[in-house]
Amino acid sequence: MARIRKPIPGVDPKLLIKDAARLLPDPTRRLFLRGGASLGALTFLTGCDIVDGASAEKVLRRISEFNDGAQAMLFNPNKLAPTYPESAITRPFPFNAYYPEDDAPEVDAADFKLEVGGLIDNKEPWTLERLYALPRESQITRHICVEGWSAVGSWQGVRLSEFLTRLGADTRAKYVWFQCAEGYSTTIDMPTALHPQTQLTFRFDNEILPRKYGFPMKCRMPTKLGFKNPKHVIGVHVTNKDLGGYWEDKGYNWFSGL
Ligand SMILES: Nc1nc2c(c(=O)[nH]1)N[C@H]1C(S)=C(S)[C@@H](COP(=O)(O)O)O[C@H]1N2
Ligand SMILES: [Mo]
């Protein structure tokens, strides 16, 4: 998120968010403000990337067309995020991290083991071979970065809820914490962990997840902003304690739902 402070020509993000909130009908307005009112959330609501003054105006126009109720559902943890056709996939898909692409961690597949811990029955680490044998699903969804860009990608993996079942996880616990190879981390709420589109992802665009996109696995959740989608996952912990995360510890909105 190094680009977070990059100005968008002709756009004051604070004013845009304020104007958008004013145009939103209740209860969407309340949910928008409570959910951390961000450019990312506006992108998600309207499907427009905010890159200049013209696109910001388009966002406000779209927002003013909203009607009560329908959009409020976007903030509901049980609601599905929109899915897209293959033709909508953004190519090339952007890379983003708190470091340049060349510094993405190199994880050795042969001796990799996913550590699992916390409130679970089966604590045996998982080899990639075992993970790859899990039932697989595919999704084409929009990834939205809080910096104001978004992109549609294609991801394949196992539902996180299915994986948690295999672990014998206590799903009454509050959180799932993800630990990443290069020191990144994030904590998500259990309702998001159990959401049907939350995926432990091994493939991008039907190919083994490339290094830059998070080899050997990431957690994909289209109902959360990009920074809540950890790449290079090496550990999954079920916990009642909020263990924070790389950006959360720097003050980013914890929930960051859309
Ligand atoms: N391990 C790790 N995961 C991460 C990050 C990171 O720096 N390290 N950055 C996050 C942010 S801010 C974004 S927008 C997405 C970018 O994912 P992409 O490179 O597949 O576009 O990864 C998220 N997950
Ligand atoms: Mo991001």
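**Salt bridges**

Guide: Let's start with Glu-101 and Lys-212, whose side chains form a salt bridge, 4.0 Å from N to O. Keep in mind that this is a predicted model.

Visitor: Where do Glu-101 and Lys-212 sit in the chain?
Guide: In distant parts of it, 111 residues apart. Glu-101 is in the loop between helix 4 (53-64) and strand 1 (113-118), while Lys-212 is in the loop between strand 8 (207-208) and strand 9 (218-220).

Visitor: And what's the relative accessibility of Glu-101?
Guide: For Glu-101 the value is 37%, so that residue counts as partly exposed. Lys-212 has a relative accessible area of 27%, so Lys-212 is partly exposed too.

Visitor: OK, new topic: how many salt bridges are there by this rule?
Guide: The count comes to 9.

Visitor: Which residue does Glu-124 pair with?
Guide: Arg-130 is the partner, and the closest N and O atoms are 3.8 Å apart.

Visitor: Is Glu-124 buried or exposed?
Guide: Exposed, because its relative accessibility is 54% and the cut-off for exposed is over 50%. Arg-130, at 36%, is partly exposed.

Visitor: What about Asp-170, which residue forms a salt bridge with that one?
Guide: That's Arg-172, with 3.0 Å between the closest N and O atoms.

Visitor: Is Arg-172 buried or exposed?
Guide: Arg-172 is exposed, with a relative accessible area of 73%. Asp-170, on the other hand, comes out at 24%, so Asp-170 is partly exposed.

How values were computed:
Residues numbered from 1 in each chain as written. Chains lettered and ligands numbered in written order. Predicted model: local features only at pLDDT ≥ 70, side-chain atom pairs only at ≥ 80, totals over all residues. Heavy atoms only, no water. Helix = DSSP H or I, 4+ residues; strand = E, 2+ residues; numbered from the N terminus. Buried < 20%, exposed > 50% of the residue type's maximum accessible area, 1.4 Å probe, protein only.
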